[in-house]
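Dear colleague,

Please find below the structure that I am handing over to you. My findings follow directly after it.

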Amino acid sequence: MADNADRAAEQQGVIENALLLHRPRPPRRQVSGNDCLACGKEIPAQRLAVLPNACLCVACQEDAERTMGQ
Ligand SMILES: [Zn+2]
């Protein structure tokens with residue numbers, strides 16, 4: 001009986017791992033007002049003029065770059 005229980009638990013773990021691996025990424029947010037994805041503040045128009053695809057405000061972008069640089 002113990003073997004069956006172990007096997008069931010093992011299968012459950014495999015299924016959960018598969019679900020995690022195949023979980024779709026959240027869609028990239030498309031909004032008319034360009035808000036920072038990290039803090040929700042509006043991204044300044046000057047920044048969007050330089051970086052039309054910017055999805056982070058200056059502060060959060062700097063944070064992200066600092067984090068990635070480590
Ligand atoms: Zn931000």
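I begin with helix α3: its 12 residues should span 16 Å at 1.5 Å a residue, and its end C-alpha atoms are 16 Å apart, so expectation and model agree. The expected span used here is 1.5 Å times one less than the number of residues in the helix. Helices are DSSP runs of H or I of at least four residues, strands are runs of E of at least two, and both are numbered from the N terminus.

Two remarks on the basis of these findings are in order. The model is a predicted one, in which local features need pLDDT of at least 70 and side-chain atom pairs count only at pLDDT 80 or more, while totals for chains, interfaces and linings use all residues. Residues are numbered from 1 along each chain as its sequence is written.

As to the overall architecture, the protein has three helices and zero strands, and its elements follow the order α-α-α from the N terminus on. The mean pLDDT (the predictor's confidence in each residue, from 0 to 100) is 81 for the protein, with 79% of its residues at 70 or more.

Helix α3 is hardly covered, since the count of buried residues among its 12 residues is zero.

Q61 belongs to helix α3, which comprises residues 58-69. Because Q61 has 17 C-beta neighbours inside 10 Å, this residue counts as partly exposed. Its C-alpha atom is separated by 9.0 Å from that of A38, 23 residues apart along the chain.

N53 lies in the loop between α2 (45-50) and α3. With 7 other C-beta atoms within 10 Å, N53 is exposed. Between the C-alpha atoms of N53 and N34, which are 19 residues apart along the chain, the separation is 9.4 Å.

A45 is located in helix α2 and is exposed, as 8 other C-beta atoms lie within 10 Å.

With kind regards

Conventions. Buried ≥ 20, exposed ≤ 12 C-beta atoms within 10 Å, placed from the backbone.
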